[in-house]
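Reader: Can you walk me through this one? Keep it quick, please.

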Amino acid sequence: MTKFLVKHFVKRYEYVEEMEVRTAYGVLSGIVGIICNIILFIGKGIIGLMMHSVSILADAFNNLSDAGSSIISLVGVKMASKPADEEHPFGHGRIEYISALIVSFLVVQVGLTFLKDSVGKIINPEQLKFQWISIVILLFSIGMKLWLGAFNRKLGKKIDSKVLQATATDSMGDAITTSVTVVSILFWKITGINIDGVVGLIVSGIVVWAGISIAKDTMEALIGSAPDKEVYRKIIEFVEEYEGIEGTHDLIVHNYGPGKSMASIHAEVPNTADIEVSHEVVDKIERDAQKYLGIFLVIHMDPIEIRDESILEIRDMANTKINEIDSKVSIHDFRVVEGKQRINLIFDMVVPYEYDKEKQNEVSNTLRKELQKVDNRYQCVIHVEKSYGGM
């Protein structure tokens with residue numbers, strides 16, 4: 001069904017990197033979500049009123065909020081596709097994250113409302129009215145929600161959309177809550193014990209937790225979480241495959257919404273190369289990154305020694321030492337300044353993000369001591385930095 005809908009309602013559906021295609025995926029998800037959730041709201045609402053069941057009514061109004069969430073998702077995706085302008089030079093992609101945050105607030109609000117109603121039902125329980133048709137409709141609802149969750153998750157992964165993935169999580173949560181409701185009805189039918197209020201409490205708790213989880217995931221993107229390691233690897237490998245690039249470091253990726261990223265990286269070039277030649281290579285990499293990766297990439301050139309055997313030997317020895325001391329730490333921008341009484345080894349040292357000042361100093365001092373064992377003239381000038389990729 002998912003493939004059928006995508007093929008018939010999304011033109012050029014394979015080209016997900018294009019904004020028009022990406023927006024079409026979001027619109028399809030929103031429309032399908034609105035239709036499915038309104039059908040479920042009407043069906044569950046009728047059943048809930050007929051059976052005097054707060055848990056079913058809670059589930060029904062949760063579906064109504066899901067329809068509203070789908071509308072917000074639809075509007076959010078459309079607004080996020082607006083092109084860049086003078087006030088927003090990197091586009092409006094983060095609107096999609098804001099939409100997902102609004103969805104999470106709606107989910108939490110619905111959960112809290114029925115949390116209150118469920119407590120009331122526990123204090124003053126009402127008699128349930130059992131009908132097998134109600135069970136059949138609820139089971140149909142579970143199947144529809146499972147499909148809708150899988151549908152949104154697949155589309156969300158396809159276009160890397162936080163709001164669609166949030167909607168998928170919400171749908172899966174709905175399937176769980178409806179399942180619990182069915183169990184409570186069957187339990188009452190078999191035992192005569194009314195646990196509707198307690199089940200409503202559980203359903204409400206699950207809904208609130210789903211909303212909080214969606215908000216947490218979305219806030220990470222808005223605040224600025226570390227990019228996926230696969231994105232880091234792809235950018236580094238892309239840059240280093242060009243002739244004239246000896247290595248890379250200090251990669252930073254800024255996210256301005258799904259499919260809208262800016263990055264900066266330091267590219268190591270031979271210090272013997274013509275600066276204009278190296279600059280031409282860097283320009284080409286930046287253009288190609290925009291074309292093939294969809295990333296606005298800014299490259300800083302770092303000249304490095306590639307011919308002086310004595311410097312290369314010291315650099316290799318320093319790399320070996322730091323790997324022995326702590327394999328999580330690396331060094332770059334290595335320079336050697338020789339004097340009569342001392343030899344300055346100047347370099348940057350990259351440490352894991354969790355290393356505090358004490359741990360950084362411990363690694364730095366250990367490296368200094370190990371290098372001075374090789375030659376007591378070695379004096380290390382170390383600049384400690386952390387990886388913005390959290391790697």
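Reader: What share of the contacts between residues at least 6 apart in sequence join residues at least 24 apart?
Author: In the chain, 67% of them do. Contact here means heavy atoms within 4.5 Å.

Reader: Where do these coordinates come from, and what should I keep in mind?
Author: The model is predicted: local features need pLDDT of at least 70, side-chain atom pairs count only at pLDDT 80 or more, and totals for chains, interfaces and linings use all residues. Residues are numbered from 1 along each chain as its sequence is written, and side-chain values use heavy atoms, with hydrogens and water left out.

Reader: How many helices and strands?
Author: Eleven helices and six strands. Helices (H or I, at least four residues) and strands (E, at least two) are DSSP runs, numbered from the N terminus.

Reader: Is the chain spread out or a compact globule?
Author: Spread out. The radius of gyration is 29 Å, well over the 21 Å that the globule rule gives for 391 residues, so the chain is more spread out than a compact globule. That radius is taken over C-alpha atoms, and the rule is 2.2 Å times the number of residues to the power 0.38.

Reader: What does the C-alpha trace span along its principal axes?
Author: About 95 × 45 × 35 Å.

Reader: And how much of the chain is buried?
Author: Of the 391 residues, 45% count as buried. Buried means under 20% relative accessible area, exposed over 50%, and partly exposed in between (1.4 Å probe, protein chains only).

Reader: What about the accessible surface?
Author: It comes to about 20,800 Å², and 59% of that belongs to carbon and sulfur atoms. The areas come from the Shrake-Rupley method with a 1.4 Å probe; for residues, only the protein chains shown count as cover.

Reader: How many positive and negative side chains?
Author: There are 41 positive and 51 negative, and the centres of the two sets lie 8 Å apart. Lys and Arg count as positive, Asp and Glu as negative; His and the chain ends are not counted. Each charge is placed at NZ of Lys, CZ of Arg, CG of Asp or CD of Glu.

Reader: On to the inside. Which residues of the largest nonpolar core touch the most other members?
Author: Phe334, Leu345, Phe347, Met349 and Leu371, out of 21 residues in that core. At least two core residues come from each of α10 (309-325), β4 (330-338), β5 (343-351), α11 (357-374) and β6 (378-386). A nonpolar core is a set of buried Ala, Val, Leu, Ile, Met, Phe, Trp, Tyr and Cys residues joined through side-chain atoms within 4.5 Å.

Reader: Which other core lies apart from it?
Author: One of 20 residues, among them Val21, Val77, Val163 and Ala166.

Reader: Back to phenylalanine 347. What does it touch?
Author: Not counting residues up to four places away in sequence, its partners include Phe334, Leu367, Val381 and Ile382. Asp333 is also one of them.

Reader: What is the phi of aspartate 333?
Author: Positive, about 50°, although the residue is not a glycine. Aspartate 333 sits in strand β4 and is partly exposed at 23% relative accessibility.

Reader: Which strand holds aspartate 250, and what is its phi?
Author: Strand β1, residues 247-255. Aspartate 250 has a positive phi too, about 55°. Most residues other than glycine have a negative phi.

Reader: Serine 364, buried or exposed?
Author: Buried, with a relative accessible area of 5%. Serine 364 lies in helix α11. Beyond four places in sequence, it touches Met349, Ile382 and Val384.

Reader: And threonine 23?
Author: Threonine 23 is in helix α2, residues 19-51. At 9% relative accessibility, it counts as buried. Leaving aside neighbours within four places in sequence, threonine 23 contacts Val77, Lys78 and Ser81.

Reader: Last one. Where is tryptophan 147?
Author: In helix α5, residues 132-159. Tryptophan 147 is partly exposed, at 26%. Methionine 1 is 146 residues away in sequence but 9.3 Å away in space, C-alpha to C-alpha. Not counting residues up to four places away, tryptophan 147 touches Met1, Thr2, Leu5, Val32 and Cys36.
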